[in-house]
Amino acid sequence: MRPGFTAIAIARLRGYACLLAMTAALAACAQTSVVRESGHRGKPVPSRPANRPANRPKPGAIVTVRKGDTMYRLAVENGVSPLDLAVWNRIPPPYTIYPGQRLRLSPPRVASAPPRPTPPAPSTIKPPVASTAKPPAGAGTTGGAPAPAGSAATGSATTSTKPPTTRPPAVPVAAQTGFAWRWPADGSIVARFSASDPTKQGIDIAGQSGAPVRAAADGVVVYSGAGLVGYGELIIVKHSEQWLSAYGHNRARLVNEGQRVKAGEQIAEMGRSGAARDMLHFEIRYNGKPQDPLLALPRR
């Protein structure tokens, strides 16, 4: 074999070795990169959903569903809760969406606030206008003299000087709904509702694993599953066209969709699915807008 041919062969073998090394490195990088979901606008999708704060409504904003979209992904990408997105757009379980469908990213206008009866204005009694006619002769002690203190005219004037009646307190949620609410579980409250905090749309009631979770009012189960991330094993009960309640982080669900339940009936067992401790996350909503449950529940 000629020396020149040997040198060329060695050089080619070294080139092949370098090429194989680069290919192996690229393969290793590909294993650690994000996975792209086909048909989803070419955006990278993490292997696990990002745990970002939810429920930042965008008034007037609309998102159009494209092929490959899911309710959860659209909610996370737009900073809202999957449950809110479903309720705002009146999408029933199992929350199926279709390409071309337009979804609102904020509550409908009718969900601004529950109607509150307007209290009547405080009544005031106007004093009668004094008559300018002269009394007949002989009437009273002296002709034309003013009536003595304590007369009817003076009494009416005194009545009008009373302070107006005190404005009654705001009507509680229980009076607005037209039905009585019951506590959904026994235990201490470890987190309260905050209208300004999107992560506190209800209350958290701590308890023991397996403790009964009860329906807060009569209604129909419209959801029973674990498809809404962040709520664990979730049950949603519809009480009227405007009012519903949600029960999250259960250990076990004891009712099915379409089932009618009575107030106080056990619907689940308390647990920690999607939570750091055994507790019930309880929400009350009016046209999709969260309300403070403590304004509806009776004092205990």
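Okay, let's start with the rings: Phe 179, Trp 181, Trp 243 and Tyr 286 are linked into a cluster by ring pairs. A pair here means rings of Phe, Tyr and Trp (for Trp, its six-membered ring) with centres within 6.5 Å; planes under 30 degrees apart count as stacked, over 60 as edge-to-face, and the rest as tilted. A quick word on what you're looking at: this is a predicted model, where local features need pLDDT of at least 70 and side-chain atom pairs count only at pLDDT 80 or more, while totals for chains, interfaces and linings use all residues. Residues are numbered from 1 along each chain as its sequence is written, and side-chain values use heavy atoms, with hydrogens and water left out.

Back to the rings. The whole structure has four aromatic pairs. In one of them, Phe 179 and Trp 181 have ring centres 5.2 Å apart and planes at 50°, so we call that pair tilted. Phe 179 is partly exposed at 23% relative accessibility, whereas Trp 181 is buried at 4%. Those words have cut-offs: buried is under 20% relative accessible area, exposed is over 50%, and partly exposed is in between, with a 1.4 Å probe and protein chains only.

Then there's Trp 243 with Tyr 286, also a tilted pair, at 4.9 Å centre to centre and 55° between the planes. This one links distant parts of the chain, since Trp 243 is in strand E10 and Tyr 286 in strand E13, 43 residues apart. Both ends are tucked away: Trp 243 is buried at 3%, and Tyr 286 is buried at 10%. When I say helix or strand, I mean DSSP runs numbered from the N terminus: helices are H or I with at least four residues, strands are E with at least two. The protein has five helices and 14 strands.

One more ring before we move on. The charged end of Arg 300 sits over the ring of Trp 183, 3.7 Å from its centre. To count, NZ of Lys or CZ of Arg has to be within 6 Å of the ring centre and within 35 degrees of the ring normal.

Now, the core. Which residues have the most contacts inside the largest nonpolar core? They're Trp 181, Ile 235, Tyr 247, Ile 267 and Phe 282, in a core of 25 residues. Strands E6 (203–206), E9 (233–238), E10 (243–253), E12 (266–270) and E13 (279–286) each supply at least two of its residues. E13 gives the most, with four. By nonpolar core I mean a set of buried Ala, Val, Leu, Ile, Met, Phe, Trp, Tyr and Cys residues joined through side-chain atoms within 4.5 Å.

Take Ile 235: leaving aside neighbours within four places in sequence, its contacts include Val 221, Tyr 223, Tyr 247, Val 255 and Ile 267. Contact just means heavy atoms within 4.5 Å. Apart from this core lies another, of 22 residues, among them Leu 85, Trp 88, Leu 103 and Tyr 231.

Leu 103 turns up again around Ile 97. Ile 97 is in the loop between H3 and strand E4 (102–104), and at 13% relative accessibility it's buried. Not counting residues up to four places away in sequence, Ile 97 touches Val 65, Asp 69, Thr 70, Met 71, Leu 74, Ile 91 and Leu 103.

On to charges. There are seven salt bridges, each being a side-chain nitrogen of Lys or Arg within 4 Å of a carboxyl oxygen of Asp or Glu. Arg 285 and Asp 84 make one, with their closest N and O atoms 2.3 Å apart. Why does that pair tie together separate parts? Because Arg 285 lies in strand E13 and Asp 84 in helix H3 (residues 82–88), 201 residues apart in sequence. Are these two buried or exposed? Arg 285 is buried at 0%, and Asp 84 is buried at 1%. A network of salt bridges links Asp 84, Glu 283 and Arg 285.

Next, Arg 214 and Asp 186 meet in a salt bridge at 3.1 Å, N to O. Here Arg 214 is buried, with 17% relative accessible area, but Asp 186 is exposed at 52%.

Last, the overall numbers. Buried residues make up 31% of the 300 in the protein. Among contacts with a separation of 6 or more, 64% are between residues 24 or more positions apart.
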